[in-house]
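These are my notes from a first reading of one model. I looked up confidence, a helix, some backbone geometry and a few side-chain pairs.

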Amino acid sequence: MSRSPSFSLKSDINPKLDPEALRQWVVAFCVIRFDLEQGQLIEECYPPGCLTHDEELGIAFSSFPDSVSQHHNRSSIHDCIFFFRCRRRENTQSGNVSSSEITEVDVDEISSKSHGEKLLKVSKRSNNGNGSRYMYGFVFNRQRHDERLKRGGEQKSVVILSHSPYSSLFRPLLQIMGPLYFDIGKKALEHIAAYVSMWPAPVLGKLMELPIGNAMLKVNMPPAHSLPSESGLFFEEYASSMAPLLPTNQSVPQGLFHDSDLFGMFRGLLLQLWVLWELLLIGEPILIIAPTPPQCCEAVAGLVSLVAPLLCSVDFRPYFTIHDPEFSHLNSLQEGDSFPPMVLGVTNLFFLKALRNIPHIVSVGSPTPNSNRLTLATRSSTGRISTRPEGFGLQQLSLKKFSPSSLLNAVKLRRDGPLCLMTEHKEAVWSTYAATTKPDTSILNRLIDAGMSPRVEESMSVVNNEILRRHFLELTTNFLAPFGPYFKATTPSEGSSPFVDPPPLPSFNADEFLASLSARGPGKFLSKRMRSNWLDLYRRFLKGHNFVPWFQRRHAVAEQEQHRLWRQARMKTDIQQFISKMSELEMVDSFNAIERHLLGEIQLQQSGSGSADSAATCQKLKGDLHAVFNVLPKDMQQLLLLNPQRAARLQGSLEQIQLPGRPLVQIGVISSTSPR
């Protein structure tokens with residue numbers, strides 16, 4: 001692939017970059033060469049010193065296909081783009097927070113306060129780039145076949161490393177950066193890094209326009225609620241973009257990898273998508289095997305996108321190799337050992353024997369034919385060219401599924417098991433899992449076949465992806481809807497004081513939830529699409545790896561929203577309307593509550609986390625505090641002023657309030673030593 005002739009670097013660019021600004025987007029840019037004697041070598045890493053030695057080794061091994069592409073001309077260039085996810089091996093002291101620490105909670109009883117506070121602390125503490133537990137590598141790999149070279153060719157990879165899975169951004173950036181590096185060398189890394197460091201901070205869930213040279217990348221950023229808590233985001237960012245229970249705008253991405261080619265990668269397994277959706281929903285381990293890295297990483301990305309808007313807490317690896325440090329642990333699992341909840345994308349058939357304990361295996365894609373065309377793992381190009389049926393209506397799918405030859409082939413596939421892939425690649429699913437959800441025939445009937453025209457196929461693939469993604473978004477949203485009451489924020493009822501603490505949100509009890517759900521049913525949408533054992537799917541979901549992290553975040557965000565609503569009510573309420581109706585005990589309680597709210601606002605201001613109206617809120621609360629103080633009995637005032645910090649906050653007010661039956665008090669002349 002060559003760069004677009006319209007792309008060029010601006011000559012006036014300043015190659016000096018802002019490291020802090022760059023880290024908002026990228027950890028480093030690397031160039032890795034496959035050396036015949038020494039193996040994978042990192043030739044360039046910019047900015048330098050970003051990675052540990054172990055990380056460099058892992059990244060180098062993950063940045064090349066398991067085998068060199070075959071069936072090329074004697075002298076040809078083969079480019080492909082794929083991505084991987086690896087665990088960071090730094091800052092592993094016990095003080096760091098991991099996702100497993102967040103999820104080790106008794107699902108039967110999740111209280112509203114303790115876990116909301118816990119998640120708040122976790123999210124804020126992880127707002128540091130180095131605290132991210134995972135790193136994503138987006139790879140532009142070039143294999144050059146030339147009989148004049150040793151072993152007939154060479155290969156290099158240009159890699160973008162980031163803490164964030166911004167696939168919709170880094171793939172098109174690689175299409176510019178990869179060929180540019182092979183044109184001008186190391187300067188390409190410096191120039192691209194300089195442009196990236198001038199970008200504004202990521203705005204999640206929005207369309208961003210990001211300049212690179214004379215080009216403009218228009219990118220739909222994934223929403224914050226779809227990113228794991230270690231992605232370096234403030235809690236407020238999660239709260240501001242939390243997915244609603246019923247999505248209102250279908251064009252806004254609701255989860256990770258919304259640009260993945262779901263239809264293209266699972267075209268031969270459309271009837272199995274509902275099984276795969278359930279497996280990922282309940283956090284089952286899945287092995288996805290494909291002929292090439294672009295195909296396997298696209299399949300993993302498509303599978304993760306199926307469960308949007310649910311936060312996917314299963315460890316997913318778009319391209320996993322035997323050199324990954326975690327492979328040795330997975331390979332050591334004995335018969336009967338439970339496999340950890342992971343989605344692994346692989347191309348090496350050795351995994352079929354090494355990971356015999358993994359319960360669900362999916363084979364997708366097709367071997368790449370003779371081609372020197374760029375293989376992109378995007379919705380517009382999947383590297384998957386094969387003979388396809390003419391249409392995807394229900395009638396054809398049904399015939400394809402139930403014809404005698406297809407039935408015999410299915411029986412043979414099940415009998416032979418996934419090891420049959422060692423001799424011939426086939427698209428299939430091997431699993432003993434019995435799905436609760438039935439394939440939606442109306443959705444299958446709406447899918448459009450494009451025939452063999454590449455241009456028409458590309459546009460039809462976009463349409464089909466939209467149909468499938470919208471359906472599974474609706475399916476997941478309806479599945480999660482019964483949890484809605486646990487996230488419902490309340491506002492002060494009419495006539496009640498907003499100056500007291502809001503009531504806690506309902507705590508979650510699994511048994512009570514299941515009993516209530518069983519009594520009222522799954523709802524109209526799900527009842528049409530699920531079998532009679534639908535409640536078992538909820539039981540598995542509650543025990544799975546996705547539930548607790550998702551529920552905790554949703555619950556904490558609901559508490560934050562309730563806090564915002566009550567804070568707003570306090571700003572709008574005239575406290576004089578309530579003082580005349582309060583008993584002495586209620587006034588003392590109100591004084592303590594207002595003081596607590598005031599201290600909270602002051603702390604937010606001092607930490608730099610206050611909102612735009614924090615100053616006005618503080619002034620309002622100070623006035624309310626003085627108003628309540630002024631009508632308290634003198635002995636209570638004296639008692640309260642024994643606290644020096646409180647006395648300092650109250651001193652200086654000349655506000656005088658006269659209410660029926662209450663003495664006139666002037667705060668400015670009262671001190672902790674004043675005579676009575």
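**Entry 1: two cis bonds.** I started at P309, which is in the loop between α10 and β10 (315-317). The model is predicted. The bond that leads from A308 into P309 is a cis peptide bond, and I read an omega near 10°. I then went to Y46 and P47, where the joining peptide bond is also cis, with omega at about -5°. I placed P47 in the loop between β2 (39-46) and α2 (53-62). I noted both bonds because most peptide bonds are trans.

**Entry 2: confidence.** Mean pLDDT for the protein is 78, and 75% of the residues reach 70 or more. I marked residues 111-130, where pLDDT stays under 50. The model still gives that stretch 43 contacts beyond four places in sequence.

**Entry 3: F257.** I found F257 in the loop between α7 (235-240) and α8 (262-265). Its phi is near 55°, a positive value, and the residue is not a glycine. I wrote this down because most residues other than glycine have a negative phi. Is F257 buried or exposed? Its relative accessible area is 2%, so I count F257 as buried.

**Entry 4: aromatic pairs.** I searched the whole structure and got 40 aromatic pairs. One of them is F83 with F257, a tilted pair with 5.5 Å from centre to centre and 45° between the planes. F83 belongs to strand β3 (residues 75-87) and F257 to the loop between α7 and α8, so this pair ties together parts 174 residues apart in sequence. I found both F83 and F257 buried.

I looked up F483 and W550 next. They form an edge-to-face pair, at 5.5 Å centre to centre and 80° between the planes. F483 is in the loop between α16 (454-480) and β15 (508-509), while W550 is in helix α20 (residues 547-572), so the pair ties together parts 67 residues apart in sequence. With a relative accessible area of 0%, F483 is buried. W550 is buried as well, at 5%.

**Entry 5: charges over rings.** Which ring does the charged end of R85 sit over? I found that of Y134, with the charged end 3.8 Å from the ring centre. I also noted R529, which lies over the face of F525 at 3.8 Å from the ring centre.

**Entry 6: N533.** I located N533 in the loop between α18 (524-527) and α19 (534-543). Its relative accessibility is 28%, so N533 counts as partly exposed. How many residues along the chain separate N533 from T436? They are 97 residues apart, yet I found their C-alpha atoms separated by 6.6 Å.

Conventions
Residues are numbered from 1 along each chain as its sequence is written. Side-chain values use heavy atoms; hydrogens and water are left out. pLDDT is the predictor's confidence in each residue, from 0 to 100. Contact means heavy atoms within 4.5 Å. Helices (H or I, at least four residues) and strands (E, at least two) are DSSP runs, numbered from the N terminus. Buried means under 20% relative accessible area, exposed over 50%, partly exposed in between (1.4 Å probe, protein chains only). Rings of Phe, Tyr and Trp (its six-membered ring) pair if their centres lie within 6.5 Å; planes under 30 degrees apart count as stacked, over 60 as edge-to-face and the rest as tilted. A charge sits over a ring if NZ of Lys or CZ of Arg is within 6 Å of the ring centre and within 35 degrees of the ring normal.
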